[in-house]
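Reader: I would like to learn how to read a fold from its coordinates. Can we go feature by feature?

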Amino acid sequence: MSIFKRIELPCPTCSSPVTFELVHSVNADRRPDLREAILAGDFQRETCPSCSFRFRVEPEFSYIDIKRGQFIAAWPASRLGQWQAHEAHTQAAFDRAFGKDAPPEARELGARLQLRAVFGWPALAEKLLAAGAGISDLTLELAKAGVAREMDDAPIAGPNEMRLLRLDGDDMVLGWVGTGNEEIGDMVGVPRSLIAEIEAEPGPWEALREELSAGPFVDLLRTLVPGDEPAA
Ligand SMILES: [Zn+2]
């Protein structure tokens, strides 16, 4: 079931109230249109009736896609500084619903689901895009580390994160996206074959692979952001 809750938020431009239907959970098997909306960047985005400004509410819901084997806890980008606590919370909730603390039938389903925690819309869309294209999200993070290493002028204007934005033929289009503001900066095209190359020669990547897969927050940011800020 995809459960919605109706709320009103002030428009950031003119303060007029704008109505949003927020979700508690998204079931992509039953609502493939919601998956498409997340990929398109339209999900939970509304237009202010007074000034036509378009804005969206940060994600805070669980996402399940049994067909593609995904279970994702999506958190607002503003909670990135507390990723350690959110990762633990994500794991505990999954264990109760589909893991070691769940009934046998649920555990059976859970065994086919890959658990992830993400912060912000670009990170969520990236997980959906990668799974849809048959790209391991863990290998994708390793590929990003490799790309960042080879670029000596990675943009450092404010907090940003490298995200897979789309696939373009045989290329993966990676871009630097502002954390929180979602502004897209520089983009690079990287051959998709880089994923297979990394998987064919795992040796040099072993340490980083282990670090990135230590919990459900499978993201290069876990090596860059301490993640132990107290909750606001
Ligand atoms: Zn407005």
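Author: Buried in H4 are Trp121, Pro122, Ala123, Leu124, Ala125, Glu126, Lys127, Leu128, Leu129, Ala130 and Ala131. This is a predicted model, where local features need pLDDT of at least 70, side-chain atom pairs count only at pLDDT 80 or more, and totals for chains, interfaces and linings use all residues. Residues are numbered from 1 along each chain as its sequence is written.

Reader: What makes a residue buried, partly exposed or exposed?

Author: Count the other C-beta atoms within 10 Å of its own: 20 or more is buried, 12 or fewer is exposed, and in between is partly exposed. The C-beta atoms are placed from the backbone. By that count, eleven of the twelve residues of H4 are buried, so the helix is mostly covered.

Reader: Which elements cover the buried residues of H4?

Author: Look for contacts, meaning C-beta atoms, placed from the backbone, that lie within 7 Å. The cover of H4 includes helix H1 (32-40), strand S6 (70-75) and strand S7 (114-119). It also includes H5, S8 and S9.

Reader: Which residues touch the most other members of the largest nonpolar core?

Author: The general idea: in soluble globular proteins, nonpolar side chains tend to be buried together. A nonpolar core here is a set of buried Ala, Val, Leu, Ile, Met, Phe, Trp, Tyr and Cys residues joined through C-beta atoms within 7 Å. The largest one has 45 residues, and Ile72, Ala74, Val118, Phe119 and Leu124 touch the most other members. H4 gives the most to this core, with eight residues.

Reader: What is Ile72 in contact with?

Author: Leave aside neighbours within four places in sequence. Ile72 then contacts Tyr63, Arg116, Val118, Leu124 and Lys127.

**Helices H5 and H6**

Reader: How do H5 and H6 pack?

Author: Two packed helices are described by the angle between their axes and the distance between the axes. Axes are lines fitted to C-alpha atoms, for helices over the stretch in contact, and angles run from 0 to 180 degrees between N-to-C directions. H5 and H6 pack at about 100 degrees, with axes 9 Å apart. They are therefore roughly perpendicular; that class covers 65 to 115 degrees, while under 35 is roughly parallel, over 145 roughly antiparallel and the rest oblique. Thr139, Leu140, Leu142 and Ala143 of H5 meet Leu194, Ile195, Ile198 and Glu199 of H6.

Reader: Which residues of H5 are buried?

Author: Asp137, Leu138, Thr139, Leu140, Glu141, Leu142, Ala143 and Lys144. Their cover includes helix H4 (121-132), helix H6 (193-200) and helix H7 (206-212). Leu220, in the segment after H7, contacts Glu141, Lys144, Ala145 and Leu212, leaving aside its neighbours within four places in sequence. Leu220 is partly exposed, with 19 other C-beta atoms within 10 Å.

**The sheet**

Reader: In what order do the strands of the open sheet run?

Author: Two strands pair if DSSP finds at least two bridges between them. Here three strands form an open sheet in the order S8-S9-S10, with antiparallel pairing. S8 and S10 are the edge strands, each pairing on one side only. The twist averages 25 degrees from one strand to the next.

Reader: How many bridges join S8 to S9?

Author: Eight, and the two strands run antiparallel. Leu167 stands opposite Met172 in S9. S9 and S10 pair over six bridges. Met172 has Val190 as its bridge partner in S10, and Val177 has Ile184.

Reader: Which glycines take a positive phi in the hairpins?

Author: In the hairpin of S8 and S9, with two residues between the strands, Gly169 has a positive phi near 60 degrees. The hairpin of S9 and S10 has five residues between them, and Gly180 in the turn has a positive phi of about 95 degrees.

Key
Helices (H or I, at least four residues) and strands (E, at least two) are DSSP runs, numbered from the N terminus. Two residues are in contact if their C-beta atoms, placed from the backbone, lie within 7 Å.
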